[in-house]
Amino acid sequence: HCRVLTHLGLPSLTSTTSGFILKVTAIESLVLPSLTSVGADFEIFLNQDLSSVAVPFLSSVGGRVIVHSNYVLTRLELPSLISVGDIFYVQNNPSLSDCCSFSDLLGNLDPQDVYLSGNAQDCRSIDEIANACSIVGIPTLGNSALLLLCGLLAVTGLFLLRRQRNP
């Protein structure tokens, strides 16, 4: 009887000077809780059962970010990613409808280097992501502006804003 690996967590992986590739697996979730940098490409593609990817502290990728043809992927968390050396390609993930975790990154990239299509509504273009992820009543702000705004609100004793998807 052969057991299939369905959840992959690599808590000790903090960086790699080469690339990271997850291709054609039966993995349902990928968690890289300590990964901060990838020297070359970061690729996740053709994983038929993959529904969740969480890489909360990944801040830089030296090459390309490619996430494509993961048909049940609903969660792609890259909230700390601020630098990509080449293209950012998130395509043909038809269940992916929440791209807010990497919306700030898109403002740092040349739009000609961003490829978004074949995903669910709110993840098919830079404009869709910006509209879906802006704070209600306030234009989309980068992390620095949000931190400043939250700091001012805390000092004045007013309320604290939390970034979330628009309804």
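**Cysteine links, a nonpolar core and salt bridges**

Cys 99 and Cys 123 are both buried, where buried means under 20% relative accessible area, exposed means over 50%, and partly exposed lies in between (1.4 Å probe, protein chains only). This is a predicted model, in which local features need pLDDT of at least 70 and side-chain atom pairs count only at pLDDT 80 or more, while totals for chains, interfaces and linings use all residues. Residues are numbered from 1 along each chain as its sequence is written, and side-chain values use heavy atoms, with hydrogens and water left out.

Let's start with the sulfur links.

**Disulfides**

- The whole structure contains 2 disulfides, a disulfide being a pair of cysteine sulfur atoms within 2.5 Å.
- One of them joins Cys 99 and Cys 123, with the sulfur atoms 2.1 Å apart.
- The torsion about this S-S bond of Cys 99 and Cys 123 is about 125°, so the disulfide is right-handed.
- This pair links distant parts of the chain, 24 residues apart: Cys 99 sits in the loop between β12 (88–91) and α1 (103–106), and Cys 123 in the loop between β13 (114–117) and α2 (126–133).
- The link of Cys 100 and Cys 133 has -95° about the S-S bond and is left-handed.
- Cys 100 lies in the loop between β12 and α1 while Cys 133 belongs to helix α2, so this pair ties together parts that are 33 residues apart in sequence.
- Both Cys 100 and Cys 133 are buried.
- If you number the bonded cysteines of the protein chain in sequence order, the pairing reads 1-3, 2-4.

**The nonpolar core**

- In soluble globular proteins, nonpolar side chains tend to be buried together.
- Here, the largest nonpolar core has 37 residues, and those with the most contacts inside it are Leu 30, Phe 42, Leu 58, Leu 76, Leu 81 and Phe 88.
- Such a core is a set of buried Ala, Val, Leu, Ile, Met, Phe, Trp, Tyr and Cys residues joined through side-chain atoms within 4.5 Å.
- The elements giving two or more residues to this core are β3 (20–23), β6 (42–45), β9 (65–68), β12, α1, β13 and α2.
- α2 gives the most to this core, with 3 residues.
- Leaving aside residues up to four places away in sequence, Phe 42 touches several residues, among them Phe 20, Leu 58, Arg 64 and Ile 66; contact means heavy atoms within 4.5 Å.

**Salt bridges**

- There are 4 salt bridges in the structure, each a side-chain nitrogen of Lys or Arg within 4 Å of a carboxyl oxygen of Asp or Glu.
- Asp 41 and Arg 64 form one of these salt bridges (2.8 Å, N to O).
- Asp 41 is in the loop between β5 (37–38) and β6, and Arg 64 is in the loop between β8 (60–61) and β9, so the pair ties together parts 23 residues apart in sequence.
- Asp 41 counts as buried at 17% relative accessibility, whereas Arg 64 is partly exposed at 27%.
- Glu 43 also meets Arg 64 in a salt bridge (3.6 Å, N to O).
- That pair links distant parts of the chain, with Glu 43 in strand β6 and Arg 64 in the loop between β8 and β9, 21 residues apart.
- Glu 43 is buried, at 11% relative accessibility.
- Glu 77 and Arg 75 form another salt bridge (2.4 Å, N to O); Glu 77 is partly exposed at 28%, and Arg 75 is partly exposed at 35%.
- Through shared partners, salt bridges join Asp 41, Glu 43 and Arg 64 into one network.

Conventions. Helix = DSSP H or I, 4+ residues; strand = E, 2+ residues; numbered from the N terminus.
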